[in-house]
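Reader: I'm new to this one. Can you walk me through it?
Author: Here it is.
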Amino acid sequence: MPRVYITGLGFVTSIGNDAATVTTHLRELRHGFELYPPFQKPEIPCKVVGTIKGFTADSTDPEDWTFPDRYRIKRELLRSMAPNGLFAHCAMLQAIEDARLVEADISEPATGLYAASGGSPMLTHYHHERLYKQGVMRCSPLGIVASIVGTLNFNLVAAFKIHGASCGFSSACASSAHALGFAFDEIALGRQHRMFVVGAEDGNTDAILPFAGMRTLSLQPDPNLASRPFDAGRDGFVGTGGGTVVVLESEDEVARRGVRPYAEVLGWGQASDGHNVAISHPEGTGSAAAMTLALRASGVAPEQVDYVNAHATSTVIGDVSEARALRSVFGDHLAKVAVSSTKALTGHGLSLAGAMESAFCALAVRDGFIPGCAHLTKVDPECAGLNLPRTTEARAPGIVMKNSSGFGGANVALVFRRIS
Amino acid sequence: MPDAGSTSSVTQKSAPLPAKPFAPEDESALREALKRCSPSTFEAAVQFRKTGNPEHVPAVVIGVIERFVEPDLRMKLKDADDDLRLIEDLGIDSLTMMEIVILVEDVLQMSINNDELRNLRTVGDVKTFIDCKIRGLPLPKPTKFIPIEHIGAVMPIQPPFLFLNEASVSSTAANGKYKISGQEFFLQGHFKDNPVMPASIMLEALGQLAVLYLLEGAPTEPGKMVSPQTIFFTGCEGVRAHRVCKPGDILSLSIKPKRMKMPLATFEGSIRVGQEKAVIAEEITLTFGIVDAANAPVPINGVGVAHGEPVVTAPEPAVVPTPIRAAMNG
């Protein structure tokens with residue numbers, strides 16, 4: 001089975017729009033939160049968002065959007081994009097440059113693209129309102145491909161002329177972790193030799209606010225306190241958007257192109273809670289099963305894992321569930337495994353989370369650090385026993401696990417290894 | 001995936017002229033709708049909405065098209081003639097065409113249905129079309145693509161003397177293609193060990209395209225049609241050959257009617273190979289007759305009165321007049 005490597009990354013995130021800035025934020029535990037202007041109204045109870053800097057994509061008209069000068073995007077491409085498509089398109093350009101790919105490497109039958117976003121609730125709302133008010137035939141012909149779930153893969157596959165496998169993934173907050181897992185399979189099974197894995201979200205009012213109805217958003221107005229996974233004072237997650245791209249390549253392609261990978265992807269696993277549409281299993285059974293399968297598939301024993309980038313979103317139920325799952329998987333070795341959730345810095349990127357945090361793991365593995373638990377002051381007693389470093393550790397983790405969980409009790413675990 | 005833009009619409013009401021007076025709030029809505037268009041586009045739209053005068057329509061239509069064309073291609077619109085093609089020259093795809101239509105509909109307060117839209121190929125087609133809608137005139141006949149089988153079925157001329165592989169015909173022009181296969185019987189002798197398409201045959205091919213136009217594109221009164229048996233060549237003027245055409249070349253033929261007055265129809269014609277000019281004919285004149293559609297003769301297949309005779313008299317390759325041959329080589 002061909003081995004699979006991470007060879008390129010691209011970021012448009014609340015903690016930076018390039019790998020260097022993101023790395024600095026992760027090392028120094030600097031968050032990307034702000035009081036989000038559209039939320040500063042008395043009728044909106046949550047206030048803080050992990051905002052994307054340097055981009056404005058609030059308008060329903062893509063021609064109003066602004067983005068850094070280094071990106072040139074034709075109207076022909078912009079017109080069918082959602083904000084998450086814009087973020088991901090820019091992250092794609094970075095990842096292509098970072099992996100030193102040329103056009104012949106991108107647009108060919110053995111290069112594919114798997115993507116995940118929640119679609120664009122803002123544009124769905126806008127186009128449906130137009131449909132009802134102005135009539136069906138006065139609607140933008142591109143309203144559908146700009147707004148439905150799948151908009152991300154439709155746009156990227158067309159814009160970058162992808163000829164290999166392409167698919168969108170929809171398992172809510174586990175979506176882009178699923179995308180990465182299945183992209184690994186494509187290469188491991190020899191069907192493709194290169195895969196782009198993309199996660200992105202709009203991260204605006206329409207994408208985030210509906211979670212308030214579920215009472216899962218933090219109502220904490222202080223950006224320094226709103227997102228604190230595993231902390232006793234946590235009260236919900238902070239929303240964010242952006243886009244992240246991870247380039248996976250086979251060992252043959254790595255050798256042929258002579259590139260230095262960030263990390264190796266060893267394997268992955270997934271399992272479901274079979275419990276509740278929106279609430280994690282209290283004992284984290286699905287998450288534990290996913291981790292166990294991932295370790296087995298990777299040929300790794302629990303005690304070999306140095307760091308777990310947790311799914312922990314800073315919700316009351318979810319973090320405890322994952323803590324229990326970690327306890328059951330790592331048992332006696334629990335104290336040896338450093339655990340942190342970088343959502344304390346970025347906020348919860350929903351469909352973006354899995355790809356974004358996997359990319360963080362790739363940075364940590366290559367650059368030799370373990371991100372600490374930002375904003376953690378008093379550990380929730382229910383999460384006791386976890387090794388939760390308060391500051392970033394300057395040691396290189398050899399083996400890293402990334403957890404992601406989504407609605408319906410879908411759980412994914414991915415395992416990465418440092419290149420020695 | 002459904003073919004974007006090709007779904008048929010339900011029939012919509014056609015609104016030839018704006019009904020209600022132009023109010024200040026209409027002007028601000030218009031300004032918002034045209035915010036990415038030139039100021040002159042907005043001015044023309046205001047004038048049209050206030051007066052209903054169709055003279056302002058072309059400026060609005062061109063202004064809206066310009067707004068949707070990539071900036072580096074916009075120069076082409078500045079001094080464009082009506083033959084500028086939307087897809088090939090301006091890079092407008094079917095989805096952009098719909099964006100254009102939706103904005104034009106919005107600004108001119110009219111409705112266009114998808115079936116009508118599909119027939120618009122050039123800037124001229126769009127201008128004519130919108131103008132007819134505004135004035136409440138009947139719409140021009142759409143460009144018809146005519147495959148080889150249909151050409152054979154309607155034409156009085158038949159193989160091995162038919163020099164059209166495919167054609168498209170509108171009410172204002174006809175275009176066709178012919179690939180010189182090398183198997184044409186006359187190439188054996190024209191010339192010895194050097195097959196060259198006779199210029200006279202190329203003129204014949206243009207004449208055949210003009211025949212097809214008369215049969216398929218020429219506007220006739222209801223219930224009447226041009227009879228295939230009545231079409232004959234009468235004369236041509238200003239014929240020049242510019243390029244030697246050989247087996248493998250694909251001739252792109254086009255003709256446009258210049259004058260139509262019973263019983264004569266005069267066309268201008270040209271042939272290109274790729275971007276290269278091959279033959280120009282300033283005038284080709286045919287004579288034709290009209291019959292009742294009900295009494296139309298059954299399409300001729302292989303035998304018939306008109307078979308082989310009409311259109312340009314085709315001299316045997318061996319007797320190609322020297323001047324033409326000289327022109328071709330020079």
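Author: A cavity, on a 1 Å grid over the protein atoms alone, is a set of points where a 1.4 Å probe fits but cannot get out, and its lining residues have an atom within 4 Å of a point. This is a predicted model, where local features need pLDDT of at least 70, side-chain atom pairs count only at pLDDT 80 or more, and totals for chains, interfaces and linings use all residues. Residues are numbered from 1 along each chain as its sequence is written, chains are lettered from A in the order in which they are written, and side-chain values use heavy atoms, with hydrogens and water left out.
Reader: How many cavities of 30 Å³ or more are there?
Author: One. About 50 Å³ of space lies in the largest cavity, a volume being the space filled by probe spheres set on grid points, which are joined across faces, edges and corners.
Reader: Which residues line the largest cavity?
Author: The lining includes B:Val61, B:Met97, B:Leu120 and B:Phe129. Four residues, the largest share, come from H5(B). Helices here are DSSP runs (H or I, at least four residues), as are strands (E, at least two), numbered from the N terminus.
Reader: How many of the lining residues are nonpolar, polar or charged?
Author: Ten are nonpolar, none polar and none charged. Ala, Val, Leu, Ile, Met, Phe, Trp, Tyr, Cys and Pro count as nonpolar, Asp, Glu, Lys and Arg as charged, and the others, Gly among them, as polar.
Reader: Which residue does A:Asp380 meet in a salt bridge?
Author: A:Arg234, at 2.9 Å from N to O. The two sit in loops of chain A, 146 residues apart, and both are buried.
Reader: And why does A:Glu249 count as buried?
Author: Because its relative accessibility is 0%. A:Glu249 forms a salt bridge with A:Arg257 at 2.5 Å.

Notes: Salt bridge = Lys/Arg side-chain N within 4 Å of Asp/Glu carboxyl O. Buried < 20%, exposed > 50% of the residue type's maximum accessible area, 1.4 Å probe, protein only. 1 Å grid on protein atoms, 1.4 Å probe; cavity = no way out; pocket = protein on both sides within 12 Å on 5 of 7 lines; lining within 4 Å.
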